[in-house]
Amino acid sequence: MSTLTQRDQKVVWHPYAPPQADPLFGVVSAEGVRIRLDDGRELIDGMSSWWSTIHGYRHPAIEAALKDQLERLPHVMFGGLTHEPAVELCERLVSISPDPLERVFLSDSGSVAVEVAIKMALQFWQSRGRPERRRLLTLRGGYHGDTFGAMAVCDPVTGMHGLFEGSLPSHLFAPRPECRFGEGDAGTLDHDFEAFERLFMENESEIAAVILEPIVQGAGGMWFYSADYLRRVREICDRFDVLLIADEIATGLGRTGKLFACEHAGISPDILCVGKALTGGTMTLAATLVNRKVSTALGKNSPGVFMHGPTFMGNPLACAAANASLGLLEDGKWQPRVEAIGNQLSAELEPCRSMPAVADVRVIGSIGVVELREPVDMSIIQPAFVEEGVWLRPFGKLVYTMPPYTIGAQDLSAITRAIASVISNHS
Ligand SMILES: *Cc1c(COP(=O)(O)O)cnc(C)c1O
């Protein structure tokens, strides 16, 4: 009998990997913040399975909701039909998201939620009789997903646009804002925003929307920028009636210390995308929220409908899981937990700063990042973390963690110890 990983290597293709990936670890189960491998080892999860398992694995409230839903209505089409889990979820999302977002379009993944947001922005300007407004303005260092529309607004370098040049629409890229979150450096802020403003003004008549990840740029560079910058982007969009799309697929639902990262700047976008943590990491589900300005324009003018409809739209099982997961956030207890994780990450990762291999250490909410001077060698560093009993998945020069909000102080220390020891031994 061949092992799971041997069988995998014959037929399975993994993300961002060659057809036959190595090294792979087989997983048999997971509970709380622990992932159990098929060789019996247990790993403390520092990744929340790509930002999603915010309550840890196998949370009883989410499992109960899934089982209950499974016995009544696992799925039904969403065209012409509706059901309690979807209506409840949309009500919840409208009530917790920044006002005045008031209508929700459900989809199956973050990338699709971004595609939906982009299509809405284009249809918005068509219905307003301004179809020439079809370009998007975004920031370098961004990540918005891997489908074509989303990929076209990812960072052109780290998003590997070169591979698909000619097949992608050409959008506008402002420099990454260098003014850091929480730092009131007016000089850097002015400099950052001037570059954005110049690009905006030069192309204003063609811009449909600005799309960005508010405050935290995730997979494009794990970078945290100033709330004042975001506020100024909102102001200029308002001045010229350009739509603002906030991609909160990674930042939404508490990760940055606020329920939505836009709250750090006290702004509301015209269109907001959520995903990743929406079902607490159990089912695939995403949502695109819009304000009345967007929904009215699309509804009133020809064709009067939004042209999108995934087969599994509003899947009742996924909605039930999301309702249970959002229910767990309702008492607000996540917030002091996220803050405590952030404080501990700051204290325990800070010593890494003095290591010769380390360029920067930064923390926001429950996200901790150690940026190295050189890219890591994944074939060495990945097994090294597993040896240390933790699951982390660095990329490029970035070693980072965003653990489940439920992680205890000792488990979190195991993660920060592993980061320090693996960096000092292997880079
Ligand atoms: C992960 C991510 C996406 C894409 O979501 P998928 O569910 O992987 O399609 C889009 N935007 C941001 C900010 C993300 O972090």
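I took contact to mean heavy atoms within 4.5 Å. I worked from a predicted model, in which local features need pLDDT of at least 70, side-chain atom pairs count only at pLDDT 80 or more, and totals for chains, interfaces and linings use all residues. Residues are numbered from 1 along each chain as its sequence is written, and side-chain values use heavy atoms, with hydrogens and water left out.

**Entry: helix H12**

I looked up helix H12 (residues 378-387) and found Ile381, Gln382, Ala384, Phe385 and Val386 buried; buried means under 20% relative accessible area (1.4 Å probe, protein chains only). Helices (H or I, at least four residues) and strands (E, at least two) are DSSP runs, numbered from the N terminus. The cover over these buried residues includes strands E2 (34-37), E3 (42-45), E15 (390-391) and E16 (398-401), together with helix H13 (409-426). Just after H12, I noted a positive phi of about 85° at Gly389.

**Entry: aromatic pairs**

I counted rings of Phe, Tyr and Trp (its six-membered ring) as a pair if their centres lie within 6.5 Å, with planes under 30 degrees apart taken as stacked, over 60 as edge-to-face and the rest as tilted. The structure holds 11 aromatic pairs. Phe105 and Phe306 are edge-to-face, at 5.2 Å centre to centre and 85° between the planes. Phe105 lies in strand E4 (residues 101-107) and Phe306 in the loop between helix H9 (292-300) and helix H10 (316-329), 201 residues apart. I found Phe105 buried at 12% relative accessible area, and Phe306 also counts as buried at 17%.

Conventions
Buried < 20%, exposed > 50% of the residue type's maximum accessible area, 1.4 Å probe, protein only.
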